[in-house]
Amino acid sequence: MRILGIDPGYAIMGYGVVDKKGNSFYPVAYGAITTDKDTPMPERLKILYNGLMDVIAEYNPEEVSIEELYFNTNAKTVIFVGEARGVAILACSNNGLPIYEYTPMQIKTCTTGNGHAQKPQVQAMIKRILALDAVPKPDDVADALAAAVCHGYNGEMKKRLQVMK
């Protein structure tokens, strides 16, 4: 199964594509779609949408794992991240991809065994799980790969629970 993980953001949207075969994960591609702070927000959203559409077209994921929005003390930031997340969901939906959402705590628990793990712990585990030479940078890329791995571990159960609703 090929999974696209997304860490939504309006300045940096991390993405990670992994293949899961049996109980093993293999990195396919990862990176970030970035926007300039001086670019108007509508144009930034367009850049994010088009960049994600390109990633989807190039790597043909079968499923998508996206990090759920968590509350930040800055309401304006939360709104902008929510808009970027909406654009990511739209791009995936427009490609007919099933979308699965995970909280930051679920992703941390899945990758490290500790829902309160710090970023360096998650990054180290992603490096190890995917047998990477280095921790992916920026942090948003490692977070996107962690979202993909989380879905790889939990996707079947999540699908079963959705059917039961």
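## A walk through the predicted chain

With 165 residues, a compact globule would have a radius of gyration near 15 Å, and the protein chain agrees, at 15 Å. That radius is taken over C-alpha atoms, and the globule rule is 2.2 Å times the number of residues to the power 0.38. The C-alpha trace spans about 45 × 35 × 35 Å along its principal axes. Before going further, please keep in mind that this is a predicted model, in which local features need pLDDT of at least 70 and side-chain atom pairs count only at pLDDT 80 or more, while totals for chains, interfaces and linings use all residues. Residues are numbered from 1 along each chain as its sequence is written, and side-chain values use heavy atoms, leaving out hydrogens and water.

Let's start with the overall layout. The protein chain has 5 helices and 5 strands, and from the N terminus on they run β-β-β-α-β-α-β-α-α-α. Here helices (H or I, at least four residues) and strands (E, at least two) are DSSP runs, numbered from the N terminus. Of the 165 residues, 44% count as buried; buried means under 20% relative accessible area, exposed over 50%, and partly exposed in between, with a 1.4 Å probe and protein chains only. Among contacts (heavy atoms within 4.5 Å) between residues at least 6 apart in sequence, 61% join residues at least 24 apart.

Arg85 counts as buried because its relative accessibility is 12%. Leaving aside residues up to four places away in sequence, Arg85 touches Pro8, Ile66, Glu67, Glu68, Leu69 and Glu101.

Two of those partners, Pro8 and Glu67, bring us to the largest pocket. About 510 Å³ of space lies in this pocket, and of its 23 lining residues the closest to the centre are Asp7, Pro8, Glu67, Tyr70 and Asp143. On a 1 Å grid over the protein atoms alone, a pocket is an open set of points where a 1.4 Å probe fits, with protein on both sides within 12 Å along at least five of seven lines, and lining residues have an atom within 4 Å of a point. The volume is the space filled by probe spheres set on the points, which are joined across faces, edges and corners. Helices α2, α3 (104-112), α4 and α5 (139-164) each supply at least two lining residues, and the largest share, 4 residues, comes from α5.

Helix α4 (residues 119-129) has Val122, Gln123, Ile126 and Ile129 as its buried residues. They cover an arc of only 130° around the axis, so they sit on the same side of α4; the arc is that of the directions from the helix axis to the C-beta atoms. The face turned away from this buried side carries the exposed residues Pro120 and Arg128.

Finally, the backbone has some features to check. Most residues other than glycine have a negative phi, and most peptide bonds are trans. In the loop between α4 and α5, Ala131 has a positive phi near 50°. Ala131 counts as exposed because its relative accessibility is 66%. Pro138 has its place in that loop between α4 and α5 too, and a cis peptide bond joins Lys137 and Pro138, with omega about -5°. Asn60, in the loop between α1 (41-59) and β4 (63-67), also has a positive phi, near 45°. At 52% relative accessibility, Asn60 counts as exposed.
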